[in-house]
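Please look over the sequence and the structure first, and then read on.

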Amino acid sequence: MKTIIKLIILTFSAAMLFSCEETIELDLEQTPAQYVVDALITNEDKAHYVKLTSSKGFYEDGATPRVSGAEVIVKDDQGNRYQFLESEEEPGLYVAKFEGKVGYTYSLDIQLSSREAISAEELMHPIQAIDSLVWDYDEEAFEEDEDYPYVVKIYALEPSATKDYYLFKFYRNDSIQNFDSNTGLFYADDELIGSYIYGLEGPESFKDGDKATFEMYRISRDAYLFYNDLDNTLNGDGGMFGPSPTNPRTNIKISNGVGLGLFQVSAVDRTTIIVGE
């Protein structure tokens, strides 16, 4: 009798699994589009940029919408004013050529055609020059790929008198090399790297004749928090004990709504070597 009851229960359960299949569409509340700023000002004499886009709805396909027709101005605390002009080839990309100065505070002012305003402000902190970039034979790299047996290492002094934050970028033959993450970011504070950056290795190995380039950006605490939040959100394990995904903290302010992205003002130092020479 118990066997018959168990059989009936199992049969009924199987029937429920196969007969009660129904497609459920979630009625997700769609929030208004949010503006996203991606901007970088450095101490180099070159064309700096401000990229302006807007977020998409959950069910929307296609590329991220670009925001055209904005008036984009960057000012410093010494009275200089730079107007960023929109690229004819790339809508939503605004550029202006000038040389940023260490110790200056830069403010971003964006006036949108919708009469909304976006603003941000950052100080350009000084950066210590890179001591050296060297290549070295690495047995593990050779065992993984005999054609790429070298690693590239960075050496640089880190001032101990101030609290500092950094963003690092590595290139092989002008192509950026990402670390093993969804973002490819490598950022750090001075507690992590100590008083001297000693033999920090790039994420990829190299072969004879490759060009290796290393960039070191001094970033603000706001930028460090933004990259840290972005890294945690994109690389979180999604487990039940992990934090809920949230928008990264930002220095972007908007007059009517929530701004996203980052206005990064950074002194940068860069060095390049040819591997094998």
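Helices (H or I, at least four residues) and strands (E, at least two) are DSSP runs, numbered from the N terminus.

## Basis of the report

This is a predicted model, in which local features need pLDDT of at least 70 and side-chain atom pairs count only at pLDDT 80 or more, while totals for chains, interfaces and linings use all residues. Residues are numbered from 1 along each chain as its sequence is written, and side-chain values use heavy atoms, with hydrogens and water left out.

## The chain as a whole

The protein chain contains four helices and 16 strands. Of its 277 residues, 38% are buried, where buried means under 20% relative accessible area, exposed over 50%, and partly exposed in between (1.4 Å probe, protein chains only).

## Two aspartates

Asp 145 is placed in the loop between α2 and β9 (150-157), and with a relative accessible area of 32% Asp 145 counts as partly exposed.

Asp 189, by contrast, belongs to strand β12 (residues 186-189) and is buried, because its relative accessible area is 12%. Leaving aside residues up to four places away in sequence, Asp 189 touches Lys 163, Asp 164, Tyr 165 and Tyr 224, a contact being heavy atoms within 4.5 Å.

## Contacts along the sequence

Among the contacts in the protein chain with a separation of 6 or more, 68% are between residues 24 or more positions apart.
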